[in-house]
Amino acid sequence: MAEERSLRQVLERIGAPVADHRPWPRHTVDRAGWLSLAGMLRERPDWGLLGLWGEPDRVHAALRDEGDGEAGGAVAVVSLPCPDGRFPSLSAARPAAIRLERAAHDLFGLVAEGLEDTRPWLDHGRWEVARPLAAEPGPGQPPRPYPFLTSEGEGLHQIPVGPVHAGIIEPGHFRFTANGETVVRLEERLGYVHKGIEGLMRGRPAGEAARLAARISGDSTVAHSLAFARAVEAALDVEIPERAVWLRALMAELERLANHLGDIGAICNDAAFAFLLAELGRLREAVLRAADACFGHRLMMDRVVPGGVRQDLAPGGVETLRALVAELRRRVPPLVAVYDGKTSLQDRTVGTGIVGPELARRFGAGGHVGRASGRGLDARRSPGYPPYHRLEFQVPVLTEGDVNARVWIRIREVEQSLSLVEQILDRMPGPPQGLDGSAPVPLAALPDGRGGEGMALVESFRGEILTWVRVAPDGTVDRCHVRDPSWFQWPLLEAAIEGNIVADFPLCNKSFNCSYSGHDL
């Protein structure tokens with residue numbers, strides 16, 4: 001019986017293991033095996049979809065058995081050769097696969113059989129070539145009308161917003177169907193800032209490709225760099241210096257602090273309460289200045305690289321960060337009290353933009369969106385990666401699923417990150433010194449002549465990033481796929497706004513703060 005088997009047991013039965021795939025196994029299945037797996041996904045809600053991506057001649061899906069006894073669930077990758085460019089769609093069992101399968105068609109020409117929504121997703125008819133990552137790309141296709149989904153009924157009207165917005169956000173089109181002020185449907189169209197990063201990485205040395213990974217989404221540059229670095233290190237079976245492990249976590253928590261503080265203020269600003277935006281903006285600036293003083297860059301871009309880190313903590317950095325933690329511990333609680341005590345704010349955030357737990361589970365949402373809707377997954381803890389298994393922290397979870405819950409998840413995560421920064425400073429090993437007294441940057445060299453495949457799951461401030469990479473024996477990237485958490489959160493924004501008024505959309509949108517650039521890649 002399928003329910004008696006774990007994911008890995010099933011894959012071992014229906015698939016053939018692939019060598020040199022680390023740290024989790026990858027199995028190749030035939031079409032019958034893929035169909036069998038698709039059927040099991042309908043029966044096993046505890047098998048979550050982590051990602052789906054293509055290659056010219058095959059498709060891959062990363063799955064997590066959340067019911068497995070292994071801490072955080074067992075992770076595995078399953079692959080299906082597609083000699084005819086077709087594969088059975090997984091979207092009926094996992095709706096989060098819909099946009100991923102549409103993207104696989106646009107990039108590789110792979111056809112997902114049974115996929116109901118076959119509209120182009122990333123290719124807007126502006127590319128010079130069609131199917132740019134396929135074995136044989138075709139000529140670019142001219143722009144075609146994009147038929148938005150329809151809603152019919154008396155009094156319904158449409159409101160188009162974007163892709164160019166009044167503020168400084170990135171481009172994305174939102175098509176509202178409303179009855180008076182009430183939204184009955186929202187449909188997003190994304191892909192306007194597709195950069196072709198996965199294609200640009202091909203053939204580049206891992207160290208050079210890391211610079212592209214760092215630019216996938218600027219506000220998550222540390223997390224994306226960490227995911228890429230860990231995937232490469234897994235592929236090449238590289239162990240990095242111990243101090244680098246701790247420095248990476250330190251940078252990741254600073255990045256989380258800066259973004260959460262900024263987002264809390266921005267949400268309040270969209271509820272017409274600019275005071276908290278100003279005050280929390282000052283605190284976010286304090287974090288960015290501390291990061292600059294400690295690592296020479298406000299966003300810490302290009303500091304995390306395969307093999308370790310490119311820059312150690314600057315002299316005086318420990319004292320700078322301890323002072324920062326003390327300042328935030330002194331100034332954040334009074335601002336939280338203001339948020340919690342303002343009736344005008346609570347009126348806008350409580351009960352607004354609700355995402356139910358079942359919907360969050362079906363789309364595999366993580367980060368503050370998932371945790372505000374009852375999903376307690378956090379890649380730092382499950383499956384986990386160092387040094388977090390040696391640190392004490394809580395993963396806050398709420399079930400209300402509204403804007404207010406997403407604000408409170410961020411507040412609790414700020415508190416946890418402050419504790420983590422302190423713990424890291426207390427426990428991080430000092431810089432190793434050579435015989436001459438010098439302290440080299442903790443960076444290990446990548447081995448020559450060794451290839452392999454690796455995958456990493458890293459917790460960004462938005463949620464779980466998946467990065468999969470195949471490194472050729474010459475050290476260049478043969479194939480890399482990145483799944484930003486926004487892929488699984490954007491569809492939930494469409495659901496969150498239904499039944500709310502149009503004027504609440506900015507509030508809902510900011511409480512998600514999905515990444516355009518991270519999604520479009």
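This is a predicted model: local features need pLDDT of at least 70, side-chain atom pairs count only at pLDDT 80 or more; totals for chains, interfaces and linings use all residues.
Let's start with helix α8, which covers residues 274-295. How far apart are the end C-alpha atoms of α8? They are 31 Å apart, and this agrees with the 32 Å that 22 residues should span at 1.5 Å a residue.

Several residues of α8 are buried, among them Leu276, Glu279, Leu280, Leu283, Val287 and Phe295. An α-helix has 3.6 residues a turn, so residues three or four places apart point the same way. The cover over the buried residues of α8 includes α7, α9 (317-341) and α10 (343-349).

## How α7 meets α14

Helix α7 (residues 242-270) also packs with helix α14 (residues 403-427). Their axes lie 9 Å apart, at an angle of about 150°. Angles over 145 degrees count as roughly antiparallel, and α7 and α14 are therefore roughly antiparallel to each other.

The crossing of α7 past α14 is left-handed. Which classes of residue make up this contact? It has 16 nonpolar, 6 charged and 2 polar residues.

## A buried glutamate

Next, have a look at Glu233, in helix α6 (residues 221-236). Is Glu233 buried or exposed? Its relative accessibility is 5%, so Glu233 counts as buried, the cut-off being under 20%.

Most residues other than glycine have a negative phi, and most peptide bonds are trans. Asp302 has a positive phi, near 65°, and sits in the loop between α8 and β14 (304-305). Because its relative accessibility is 15%, Asp302 counts as buried. Leu521 has a positive phi too, near 50°, and is found in the segment after α17 (516-520). With 6% relative accessibility, Leu521 likewise counts as buried.

Where can you find cis peptide bonds? One runs from Ser382 to Pro383, with omega near 5°, and Pro383 belongs to helix α13 (residues 380-384). Another runs from Pro386 to Pro387, also with omega near 5°. Pro387 lies in the loop between α13 and α14, and α14 is the helix that packs with α7.

Definitions and conventions:
Residues are numbered from 1 along each chain as its sequence is written. Side-chain values use heavy atoms; hydrogens and water are left out. Helices (H or I, at least four residues) and strands (E, at least two) are DSSP runs, numbered from the N terminus. Buried means under 20% relative accessible area, exposed over 50%, partly exposed in between (1.4 Å probe, protein chains only). Axes are lines fitted to C-alpha atoms, for helices over the stretch in contact, and angles run from 0 to 180 degrees between N-to-C directions. Angles under 35 degrees count as roughly parallel, over 145 as roughly antiparallel, 65 to 115 as roughly perpendicular and the rest as oblique. A crossing is left-handed if the near helix is turned anticlockwise from the far one by less than a right angle, and right-handed if clockwise. Ala, Val, Leu, Ile, Met, Phe, Trp, Tyr, Cys and Pro count as nonpolar, Asp, Glu, Lys and Arg as charged, and the others, Gly among them, as polar. The expected span of a helix is 1.5 Å times one less than its number of residues. Contact means heavy atoms within 4.5 Å.
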